[in-house]
Protein chains: 2
Amino acid sequence: MKIALGQINTTVGDITGNADRMLEFANRARDAGADLIVFPELAVAGYPPLDLLLKDSFIQANLERLHRLKERLPIAAIVGFVDVNHGKGRHLFNACAFLEGGAIKAVQHKTLLPTYDVFDEDRYFQPATQHTPIQYKDISIGLSICEDIWTRGDILEKLSYQIDPLQLLSEKKPELLINVSASPFAVGKEHIRLELVKEQTRRHKLPMIYVNSVGGNDQLIFDGRSFVMNEKGELIAMAKAFEEDLIYVEVGQKETEAEKTSKVKETEAKIAPGRTIKESALKLKGTIAEFSSDRTVNTLSALVLGTRDYMRKCGFKRAVIGLSGGIDSAVTAAIAVKAVGKENVMGIAMPSPFSSQHSIDDAKDLAEKLGIEFHIVPIEPAMKAYDTMLSPLFEGRERDVTEENIQARIRGAILMAASNKFGHLVLATGNKSELAVGYCTLYGDMCGGLAVISDLPKMMVYDVARYINEEAGKPIIPVSTIDKPPSAELRPNQLDQDSLPPYVILDGILHAYVEQRRKPDEIIRLGYRPEVVQDVINRIDRNEYKRKQAAPGLKVSSRAFGMGWRMPIAQRFQEKATAPTSHAASGSA
Amino acid sequence: MKIALGQINTTVGDITGNADRMLEFANRARDAGADLIVFPELAVAGYPPLDLLLKDSFIQANLERLHRLKERLPIAAIVGFVDVNHGKGRHLFNACAFLEGGAIKAVQHKTLLPTYDVFDEDRYFQPATQHTPIQYKDISIGLSICEDIWTRGDILEKLSYQIDPLQLLSEKKPELLINVSASPFAVGKEHIRLELVKEQTRRHKLPMIYVNSVGGNDQLIFDGRSFVMNEKGELIAMAKAFEEDLIYVEVGQKETEAEKTSKVKETEAKIAPGRTIKESALKLKGTIAEFSSDRTVNTLSALVLGTRDYMRKCGFKRAVIGLSGGIDSAVTAAIAVKAVGKENVMGIAMPSPFSSQHSIDDAKDLAEKLGIEFHIVPIEPAMKAYDTMLSPLFEGRERDVTEENIQARIRGAILMAASNKFGHLVLATGNKSELAVGYCTLYGDMCGGLAVISDLPKMMVYDVARYINEEAGKPIIPVSTIDKPPSAELRPNQLDQDSLPPYVILDGILHAYVEQRRKPDEIIRLGYRPEVVQDVINRIDRNEYKRKQAAPGLKVSSRAFGMGWRMPIAQRFQEKATAPTSHAASGSA
């Protein structure tokens, strides 16, 4: 038997388009001789559908499309959809259907509903109450959905799930496990998934087919990498990362009943009493796609896919980016070119009297190297106009950060004007370090429809820049952009490092505080100075109001600002280091 | 026995401040002869703490403060806090403690964890597994927390709770129920609460003391109105709306055991077999605060409190508002004056060449009537500067909505400059109708730290304006502001009604679609034209990207945009009316 892994890129809410894509893949799979094709979690609806799930019309449209699919699919299929039970109230289920011969032969609901970080499934779904393997041809298959397999000891404990769906399934003696997922990318997550499934296949002595979604949906980027492991946890087949793919696994004949029975008895004898897990006797064969485990390579691929999909799924063909000559806008522009092509990217340099000539040169140089449309719009006329307009109101007041922010807001307004006039999407260029400590201007450099690198700490932006040049075999991003010290150039001779700790320190504290959730004392024990730690943490805490109005940013870390980060604004809790600190450094931007 | 209802205004994360407030109220209650004081849900932590709950240091600080409180409280108290159980993993509970005689005598966890609309409790908390009444003096009291009592037939079914905590409690025969809540305001919700508790008290034949939080925390406004009902569902006592209050209920002596026993038997005979609910014999006496059920009056009070608290809790003394001469900014300014006083509000009119003289006059008139600081900053210099700067880029292109948006963004930048220079908070003035259909400019009129009236449909803004004048006994908001047709004045002779359906129609469709979640066909059946319904719905759906970057807005309706509204941006689902529609009207802003 040949099983296809249909790693498709769905769009949230595009029920017709998603179903058409499944039909197309199923037809290709049939032509390749496959018997069964497996699609990702909620393939009909797209993931995550969020509050679309509150619309009855959405649920109905998804059900109708499933029924149409069952009649039109050329081979058997496992299809993720939203199931509904109108028994007592309106209960929704994150479900997958086993479609065969024009009928829905079985439906498996999801049991474990992740409700942490970017996930809110308890808000919408009810958990499965039944776990029954399906029978296809002569094989018994246990179906599960995404989180259902995330029950390794440590994870189970942390999330306090009371139930283990794979255990319940394996007690019913399937010969093969299939998991359909929509598992978002984060740096390093591919290894965690492989380790997880290795552990589960070994524990249950069953092979597993794992089909993941691919593509960007708002902040989330699904990285694909669907795979198959045998019961020993050996990788049999793997699909490509960050693109659609259709791969196959040959599933060999079972042994005879007599052999199986004897083996079951033998196995049972070896394991703890009360457990009835048996060893699978399926033979599996497949091919393994190239697999990069470099975090920079993966991050870049994720951002390219996330940018391309956000633009495509929102209906934008072209992007416009403010080019400062600095590293952030350079990397954002390079990603945009990879995502939608150089002919679809416009760069605008907006120098002020505080901009250095080398910044303008670097911006121009970048645009030339990328081959994109480039314009220079000096902002001094607007700066002077604001000075004129505001001088009566500001009479007797010193110049301060106000005037710096005005420059940033003029640039934001120019980019938005280009967006309005030409219909391009503004890509915001801020990085995670800035966003964390509020070293950015609301309605200024924070303007944009999508914040491409807002989950990349500054040092990571440099890594990506270097890799872009390395991959191209030539400096796409000007060397001087990479080498010069970062500056917002909002006043003469300004450097980021005047207002912020060195990025290597800032990023280290940021990682420990935001991603690892460490306490100030723990961070200090990592070797950072107490007053710097306290200062950085305070800045992160008090800039929540800026992040609440930030453009949606592509998530590539284990903890990004945005949909998975839910901090109150008007709040007074401050984490304090108990170690003595000297007076905290002050500063603002 | 005298029980105090301590209706306090807590701040999220201000553990020390919240505890101090409780001590202060408890001391006042002791002076008034009270034996026991009851505080709202999560009074130590503030509600909703959101991701602060992920910080161990926050949980610890809250526990330490509870222990300090137990030693310092002059009388017995029921205190809401976050409990933690480190048994298997880290399990948190939304809990309340019964503190008496320097000890924690009992802890009751919350059972029903709301995870819908603005609530995400499943994300953070585990449900209660035990329901045991506490014993205070000679009375047995059943404690519950907020959602635990929201189990009326229809609500229970809709939310599919599998358990009824009040039923479990009442089976253990308490004589009194106490519920501690943080129940956010929405228009009409006060009646729903009273009806709910009336039903519960009658069903269980027990009196209930209901203590609600008061005050604004980001988008949520808690309206107080704590109350006491006897076992017949009669209102015995009620605290003030929208302000802190400390009220008392006298709880009379129980009858003798013999009397009680005979009554229990009598009651049991009348009710279904297997149920052991008994009639309470407590006598209750209290006072009832004035209670307005006018939606306009309540909405205004809510917005004043929400604005005051957001500013206070974020550390802002003064507000700055752009005054256009229109109704939205006028109402926002009037609310700001009520919230923080006229001496703390600055109004800035920012006329363009398209602004009518009557608009400038109306803005000035308003500022005079409110008695606030007022400035006029004409924006033509910046408009000209943008024209100059952008003319090479825009060469050969017609003027369009781009230039209109530039005006809005200049105004936004001026307000933000005033905010930066003076440290005032910018209050955004957009209403719900605009925000719904995207008739607003991102980074322009959408600028601000708080969107005061963004949950008020336009017609409701007029209601509030008229009420403000009625209440004052004179036109605070100029009559011409109320009477003239709404205009954004971004081009000559522009009227809102050129781009939008009349507000009475727009608001009706908006209410049906957003708040009542009706389908297009249902809305058409209410009497609206099919093409108008389809057009409004499409506009609402496609403007999600603007709302994602909107300032936090005060929630006063049953369904506000913001934290309780979680729609994907890049999505393709469109609800279509099945009724035939002519070509949908087009238009943009």
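Student: What makes strands β8 (residues 176-181) and β9 (residues 208-212) of chain A a pair?

Tutor: Five bridges join β8(A) to β9(A), and the two run parallel; pairing requires at least two bridges found by DSSP, so these strands pair. Within this pair, A:Ile178 stands opposite A:Ile209 in β9(A). The model is predicted: local features need pLDDT of at least 70, side-chain atom pairs count only at pLDDT 80 or more, and totals for chains, interfaces and linings use all residues. Residues are numbered from 1 along each chain as its sequence is written, with chains lettered from A and ligands numbered from 1 in the order in which they are written.

Student: Why are β6 (134-136) and β13 (235-238) of chain A called edge strands?

Tutor: The open sheet has the order β6-β7-β8-β9-β12-β13 in chain A, with mixed pairing. Each of β6 and β13 pairs on one side only.

Student: How do you know how α11(A) and α11(B) are oriented to each other?

Tutor: Their axes (lines fitted to C-alpha atoms over the stretch in contact, with angles from 0 to 180 degrees between N-to-C directions) come within 10 Å and cross at roughly 165°. Angles under 35 degrees count as roughly parallel, over 145 as roughly antiparallel, 65 to 115 as roughly perpendicular and the rest as oblique; α11(A) and α11(B) are therefore roughly antiparallel.

Student: Which residues make the contact of α11(A) with α11(B)?

Tutor: Among them are A:Arg409 and A:Ala413 of α11(A) and B:Arg409 and B:Ala413 of α11(B), contact meaning C-beta atoms, placed from the backbone, within 7 Å.

Terms used
Helices (H or I, at least four residues) and strands (E, at least two) are DSSP runs, numbered from the N terminus. Two residues are in contact if their C-beta atoms, placed from the backbone, lie within 7 Å.
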